[in-house]
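The sequence and the structure are shown below.

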Amino acid sequence: MPTISVDKAELFDRLGHQYTTEEFDRLCFDYGLELDEDTTAEVEAAIKKGLPAERPQLKIEVPANRYDLVCLEGIARALRAFLGKQDPPQYTLAYPPGGEKDLITVTVSQETQRVRPFFACAVLRNIKFTPISYASFIDLQDKLHQNIGRRRSLVAIGTHDLDTLTPPFRYEARTPTNITFAPLGRETVHTAAELMQIYESDKHLSRYLHIIRDSDVYPIIYDAEDHVLSMPPIINSEHSKITLETKNVFIDTTATDDTKLQIVINMVASMFSEYCAEPFTIEPCKIVFPDGSTRISPDITPRTVTARASYINSCTSLSLKPSTIQSLLSRMSLSPTLSPNDPDALIVSLPCTRPDIFHEVDIMEDAAVAYGFNNLPDIFPQTSTVAQPLPISRLTDVIRKEWAMAGWVEALPFILCSHEENFSFMNRPDPGSLAVKIANPKTLEFQVVRTSLLPGLLKTIRENRSHALPMRVFELSDVVFKDTERERQARNERHAGAVWCARSAGFEVVHGLLDRAMKMLEVPRIGKGDGKNVGYYIKEGDDPAYFPGRAATIYYRPPPSKTSKTGELADELRNTLHINRDRDIVIGTLGVLHPTVLEKFEITYPCSALEFNMEVFLKRS
C-alpha cells in the first residue's frame with residue numbers, strides 16, 4: 001500500500017478543523033486509511049536546535065487501488081465529503097467556444113504501435129498554482145508512475161506549459177538518431193541516442209531507460225512547429241516545462257495498457273481541475289488514430305452500478321432504508337439515486353475518480369465504511385462450523401514437538417531465495433523444470449521459490465555464528481516444485497529439515513533425529529531386502545550437497561494399496577519372495593555437508609543435515 005506525505009497545515013485548512021494527532025488518526029481509521037507518522041514533533045525539535053526544517057507533514061497509508069487518494073487534493077476532497085462538508089464534485093468537459101472543431105488535435109502515427117501504442121491527453125485552462133499545489137502536482141505524477149504505471153513501463157505522464165506550444169500535436173515514433181531536443185533541465189540539444197547514454201549515470205532516470213532502449217524507434221511528441229514536448233517514458237523537453245506561472249497545462253499520457261491509460265489521464269486531470277478558473281472543468285482534446293478513427297479524451301463519463309438495499313443489509317447485518325444508504329454513499333463521493341421502478345434498488349453514479357469499484361460488493365463496502373465498521377452489530381453467524389487443522393499440519397506438529405523437546409530450535413526463514421543459494425551454493429544443478437522462478441524479482445535475494453529447506457537453515461546458522469556450539473536448527477514447512485500436470489503448474493510439498501553445526505560433523509546426531517521422527521510417526525526401520533510391508537531404510541547416496549561417502553538417501557516403503565483378494569495374495573507372494581522394492585520411494589537425504597557448500601554459506605564449522613518429504617506419511621483413503 002502506498003504511503004503519501006501531505007502538508008499538515010494545508011490539509012487541516014481544507015478540512016476546516018485543526019485536529020490533534022489522535023483525532024486525525026481516528027478519522028483516517030474510520031475512512032479506511034492509516035496515519036503512519038506526524039512529523040510535527042521532529043520539525044519542532046529541529047527548529048529548537050536552529051536546524052532547517054520543512055513544514056510538518058502527515059504520512060498516510062492509502063489503499064493501493066484508490067488512485068484518487070494519492071495526493072493532497074484527493075484526500076482533502078474525500079474526507080470533506082465523508083465529514084458531510086461538501087457534496088461530491090461533478091466533473092465536466094468544457095469545450096472551446098467553437099465546439100468540437102476548435103479542440104486541440106493530436107495525430108497518432110502508425111509507427112507508435114511498435115513501442116507505446118496508446119495515447120490520451122487533456123487540457124487544464126486558467127489554472128493557478130501555489131508552491132504547495134505545484135509540488136502536489138509533481139508528486140501525484142510520480143505516485144501514479146510508481147503505482148499503476150509500474151515504474152512508467154505501463155503508463156507515463158507528461159505535463160507541459162500549453163502557452164509555449166503551437167497545436168496541433170503529433171505523436172510519432174522515430175529512430176533515436178532522428179530525434180533531437182533539449183531535455184528538461186538542460187539547454188544543450190542532444191539526439192535521443194545520446195540522451196540514453198547521458199542518463200545511464202542518472203540515479204533517477206536510469207531506472208526507466210530499459211523500457212524503450214531495445215526498440216528500433218522511440219516515441220516522441222511534436223507540436224505544429226516541430227518543438228518536442230516529450231520523449232515518453234523518459235523525459236520531457238525544456239521548451240515546454242511547467243512553472244508556478246503556468247496558466248494552461250497540456251497533459252499527455254502514453255501507455256502499453258489502454259485501461260490503465262484511461263484511469264491515469266482521468267486521475268491527473270480531475271485531481272487538479274479544482275485549480276482551474278472554473279473548478280472541476282477539463283478541456284478535452286481530439287485524438288486521430290492511424291486507422292482514421294477519432295476519440296475525445298479524456299472520457300470522464302460516470303459509470304452506473306445498481307445496488308440493492310437488501311443485499312447491503314444482508315452483508316452488514318443492518319436494516320437500513322434505501323434513503324439512508326443513499327446518504328451513506330454520498331459521503332463516499334458517490335452519487336446515488338433511488339430507483340423509480342424498484343423500491344429496493346439504488347442507481348449509483350460512479351465518478352471517473354473511482355475506477356476501484358467493479359461490483360455491487362464494492363458499493364456495499366463503501367456503505368459499511370460510511371456507517372462505521374465499529375458500529376456494525378455483533379451477531380452470531382447463522383451457520384456453525386468447527387475449525388480443525390489440516391492432516392498435514394497435525395502430522396507436522398507431531399515432529400515439531402518431538403524435535404523441540406530434543407533441544408532443537410525451530411527457524412522460520414523466507415520461502416523465497418536466490419537462484420544461486422537454491423542450486424549452485426548447494427552444488428546442485430538446475431534442470432530448468434524444478435524451481436518456480438519469480439518473473440520480475442525486486443532483489444537478487446528473492447529470485448526463486450525454494451525447492452529445499454537447507455539453504456534457509458544454513459543462512460540462519462551463518463547469521464548466528466556468534467552463538468555457542470553446537471547449533472541445532474530445524475524447519476517444518478513447504479517447498480514448491482513445478483508440476484505441469486497441475487492446473488496452477490506448481491505444487492507445494494511439506495518437508496522436514498534440520499542442520500547440526502558443531503566442531504565435529506555429527507552424522508550420528510541427524511541420523512538419530514531421523515530415527516526419532518520415524519518412531520513418532522510409527523514407521524519401523526527395515527532392511528533394504530526385508531520383505532516387510534511398511535518401513536524406511538537408508539543407503540549410501542550421491543547428492544553433491546554432501547561429502548562423498550558421508551551421504552545417505554532415505555527410502556520409504558508405503559503400505560500396499562487396498563485391493564481385491566487376488567491382489568492381497570499377490571502382495572503376500574511378493575513379501576515372501578522379498579520383491580517389495582518396486583514400491584520403495586526416495587523421500588529425502590541426510591549426511592555431512594560438503595566443505596564447498598559450507599564455504600559458500602560462510603560457515604567455518606562442519607555441519608550435518610537432514611531433509612525429507614513428510615506428505616508420504618499421510619494416510620490416504
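How many bridges join β6 to strand β14? Seven bridges do so, and the two strands run antiparallel, with β14 covering residues 249-255.

## Basis of the model

The model is predicted, so that local features need pLDDT of at least 70 and side-chain atom pairs count only at pLDDT 80 or more, whereas totals for chains, interfaces and linings use all residues. Residues are numbered from 1 along each chain as its sequence is written, and side-chain values use heavy atoms, with hydrogens and water left out.

## The sheet

Strands β6, β14 and β7 form, in that order, an open sheet of three strands with antiparallel pairing. Pairing requires at least two bridges found by DSSP between two strands; strands are DSSP runs of E with at least two residues, and helices are runs of H or I with at least four, numbered from the N terminus.

From one strand to the next, the twist averages 15°. Ala 122 has Ile 251 as its bridge partner in β14.

## Helices across the sheet

Helix α5 (residues 131-146) lies across β7 and β14, at about 160° to β7. Helix α7 (residues 258-272) lies across β6, β7 and β14, at about 10° to β6. Angles run from 0 to 180 degrees between N-to-C directions, with axes fitted to C-alpha atoms, for helices over the stretch in contact; contact means heavy atoms within 4.5 Å.

## Packing of α1 and α4

Helices α1 (residues 8-15) and α4 (residues 72-82) pack at about 30°, their axes 9 Å apart. Among the residues that meet are Leu 11 and Leu 15 in α1, and Leu 72 and Ile 75 in α4.
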